[in-house]
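Morning, everyone. I have one structure to show today, and I will keep it brisk.

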Amino acid sequence: RPHKRLLDAVAHLDKLQRGLDETNTELRRTQLSLSNTQEQISQDLEPKLASHREDLATHDSLLAATSQLLRETKRFSESSHEEFKAQTETSEKLFRQDRERLAQGDD
């Protein structure tokens with residue numbers, strides 16, 4: 001009878017050892033997968049992210065320059081429009097004065 005219990009204990013230990021071996025195998029696979037993932041991140045994703053950051057910085061500076069150019073263009077166009085209106089008013093005033101002088105000369 002003690003022999004049977006000893007055999008049962010050994011069988012149970014063998015079963016536990018197989019479970020431990022399977023767990024260790026799965027752990028090694030998981031570690032390898034994690035290592036591959038970390039390698040992919042450092043070799044593939046990080047350089048791509050750095051490149052995208054540089055692209056975004058370039059786009060931001062181009063956008064800022066475009067925005068500045070648009071503001072300056074708007075100011076120039078508003079100023080030109082004001083000058084045109086002033087010139088038109090001056091021309092109309094001179095034209096009226098000339099017409100009035102001509103009308104007085106006809107009288």
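First, a caution. This is a predicted model.

Let's start with the fold. How many helices and strands does the protein have? There are 1 helix and 0 strands. Helix 1 covers residues 2-106. The protein has 107 residues.

Now the dimensions. Take the principal axes and box the C-alpha atoms. That box is roughly 150 × 25 × 10 Å. The radius of gyration is 44 Å. A compact globule of 107 residues would come out near 13 Å. So much for the outline.

What about burial? Buried residues make up 0% of the 107. To be buried, a residue must be under 20% relative accessible area. The accessible surface is about 10100 Å². Carbon and sulfur atoms hold 57% of that surface.

On to distances along the chain. I have picked pairs of residues and taken C-alpha to C-alpha. H59 and K85 are 26 residues apart in sequence, and 38 Å apart in space. Q68 and E22 are 46 residues apart along the chain, with 65 Å between them. R96 and A50 are also 46 residues apart in sequence, and here the spacing is 68 Å. Then A86 and S35. They are 51 residues apart in sequence and 74 Å apart in space.

Next, charges. The protein carries 17 positive and 21 negative charges. How far apart are the mean positions of the two sets? The answer is 14 Å.

Side chains of opposite charge can pair when their charged atoms come close. In this structure there are 5 salt bridges.

Start with D8 and K4. Their side chains form a salt bridge, N to O, at 3.3 Å. Both residues are in helix 1. They sit 4 residues apart, about one turn of the helix. Is K4 buried or exposed? K4 is exposed, because its relative accessible area is 52%, and the cut-off for exposed is over 50%. D8 has 40% relative accessibility, so D8 counts as partly exposed.

Now R29 and E26. This is a salt bridge too, with the closest N and O atoms 2.8 Å apart. R29 and E26 are 3 residues apart in helix 1, so about one helical turn separates them. R29 is exposed, because its relative accessible area is 52%. E26 has 42%, so E26 is partly exposed.

The cut-off is within 4 Å. Why are E82 and K85 about one helical turn apart? Because they are 3 residues apart in helix 1. E82 is partly exposed at 46%. K85 is partly exposed at 36%.

Let me turn to Q68. Q68 lies in helix 1. Its relative accessibility is 30%, so Q68 counts as partly exposed. Which side chains does the Q68 side chain contact? One is R71, in a polar contact at 2.5 Å. Another is E72, in a polar contact at 2.7 Å.

H59 is in helix 1. H59 has 51% relative accessibility, so H59 counts as exposed. A86 is also in helix 1. A86 is at 38%, so A86 counts as partly exposed. R96 belongs to helix 1 as well. R96 is at 41%, so R96 too counts as partly exposed.

To recap. The predicted model has 1 helix and 0 strands. Buried residues come to 0%.

How values were computed: Residues numbered from 1 in each chain as written. Predicted model: local features only at pLDDT ≥ 70, side-chain atom pairs only at ≥ 80, totals over all residues. Heavy atoms only, no water. Helix = DSSP H or I, 4+ residues; strand = E, 2+ residues; numbered from the N terminus. Rg over C-alpha atoms; globule rule 2.2 N^0.38 Å. Buried < 20%, exposed > 50% of the residue type's maximum accessible area, 1.4 Å probe, protein only. Areas by Shrake-Rupley, 256 points an atom, 1.4 Å probe, with all protein chains shown as cover. Lys, Arg positive; Asp, Glu negative; His and termini not counted. Charge placed at Lys NZ, Arg CZ, Asp CG, Glu CD. Polar contact = N/O pair within 3.5 Å; in protein donor to acceptor, adjacent residues only side chain to side chain.
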